[in-house]
Amino acid sequence: MLVLGLYVVAFFGTYLISSRLLKSFFEREGFNSLKTVTFGDESAVKANRVASVISVITVFWLWVAFTNSVIPLPKLPGPFSGDVTFTYTAQLEDGTTDDAEVTMRVYREDIQQTVDADGNPGQEPEPAAVEPGDGFAKNDSLTVARYGFKVINVWKNDEVSKKEGSTVVALNGIAVGPGEAVEIPEGTISLTDKGTPTFAPATGLRMARLYLPAPEIVLSRFVWLNQEGYQGYTLLEHTRFSLQRVLLGFLFGALVGIPIGYAMGLTSWSRGWFDPIVEFMRPIPPLALIPLIIIWFGIGELGKVVLLFLAALWIMIIAARSGVSGVAISKVHAAYSLGASKWQILSRVIVPNSLPDIFTGARVAMGVCWGTVVAAELVAANVGLGKMIVTASKFQQTDIIIVGIIVIGIIGFMIEVGMRALENWLIPWKGKV
């Protein structure tokens, strides 16, 4: 909820600033500036590139703010690290009490994943040196990782053990019982149900590397994947295999789906023949077809391409059928009145007017194929972005997972932009006739 709140504040805050303070700077002369009514006119709504840039920056800032990144941007309160000392009060069966201190050294949870200038991996720090103190309760010193949790056996070095009747009755001077806790700025000290003290460092509002690594860690992993590779393949090779599967699946889906869609839009027999099949298969998610794909086509490359083919097929059929159905009948009548044949009607009237719907369906189909590639590569694949993500998830390698997600998103965005540009080039009449 905090992320959503910050994002909403950023959205409205930047909108107010840009609309009030920077309005005159970003205004441009053009056709839209001459319109007296723009609300409700879709042609007057163009993407504000300033808003796009700010949106990307906001998402990046939220990423930095909620991680332990070294990037110098405003961040949310982070986890505690360093030394913290608290006291516990031990009581004997005869009512005698004694206080002792526990010193906890809180260190970075990813210290062993770092290297020094000589290339040596980081080591867990030693506990702080403390004097045992007087009395039957002795001082203790331990270490715990950030975002971690430590059960403290305070009787390990005490003169009277727990079995001999020593119990902890207070933490930091506050009387507590089993299952109760005491909050301190550096974390939470508590007693288990059996009366053993525990310590959990304060985590702040930032996420541990396991859950969300910082941008610079993801970038370093991106470089490492391109140089060293993962599961025997570099990131480029994983990307190439996934892209090849998606393009093949989409291409075959379009080659089969578009003619069927045209047939359904032009003849009643084809409409009646294919309509039950299309409407039955369309709601079935491609993931549900994986068991049958394995049984029918095996675990090789063909099965993955067939799954992506089925993901694109029904979308392309519906897009082509919709495109044909959307052609204005007045244009068909006008062509017939000028002596056009059925072939000329198809090639000069129906196809040009249905292409916008087909391109819209193609963009949707490509998006669905990219979303299905992870499922397709679950079919016993040994290479591909989906396979890389699934394997990394088993070993909790979140940075590799995020790299794969980002690469999939960037390629999907590039495909979308490319198809929009191709659509504008091939169909310049869209929205004008």
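Q: How many salt bridges are there in this protein?
A: A salt bridge pairs a side-chain nitrogen of Lys or Arg with a carboxyl oxygen of Asp or Glu, within 4 Å. In this predicted model, the count comes to twelve salt bridges.

Q: Which side chains meet in a salt bridge at 2.8 Å, N to O?
A: Those of E377 and R245. This pair links distant parts of the chain, 132 residues apart. E377 sits in the loop between α10 (342–376) and α11 (385–394), while R245 belongs to helix α5 (residues 235–266).

Q: Are E377 and R245 buried or exposed?
A: The general idea is a cut-off: under 20% relative accessible area is buried, over 50% is exposed, and partly exposed lies in between. Here E377 is buried, and R245 is buried as well.

Q: What do the side chains of E279 and R282 form, and why do these two residues count as partly exposed?
A: They meet in a salt bridge, 3.2 Å from N to O. E279 counts as partly exposed because its relative accessible area is 30%. R282 is also placed in the partly exposed class, because its relative accessibility is 44%.

Q: Which residue forms a salt bridge with E416, and where do the two partners lie?
A: The partner is R363, and the closest N and O atoms are 2.9 Å apart.

Q: Which residues do salt bridges with shared partners join into one network?
A: The network consists of D275, E279, R282 and R321.

Q: Where is T89, and is T89 buried or exposed?
A: T89 is in strand β1 (residues 82–91). T89 is buried, because its relative accessible area of 12% falls under the 20% cut-off.

Q: Which residues does T89 touch?
A: Leaving aside residues up to four places away in sequence, T89 touches T97, D98, D99, T167, V168, V169 and A170. With D99 there is also a polar contact of 2.6 Å between the side chains.

Q: How many helices and strands does the protein have, and what share of the residues count as buried?
A: There are twelve helices and nine strands. Of the 433 residues, 37% count as buried.

Q: What share of the contacts comes from residues 24 or more positions apart?
A: Among contacts with a separation of 6 or more, such residues account for 64%.

Definitions and conventions. Residues numbered from 1 in each chain as written. Predicted model: local features only at pLDDT ≥ 70, side-chain atom pairs only at ≥ 80, totals over all residues. Heavy atoms only, no water. Helix = DSSP H or I, 4+ residues; strand = E, 2+ residues; numbered from the N terminus. Buried < 20%, exposed > 50% of the residue type's maximum accessible area, 1.4 Å probe, protein only. Contact = heavy atoms within 4.5 Å. Polar contact = N/O pair within 3.5 Å; in protein donor to acceptor, adjacent residues only side chain to side chain.
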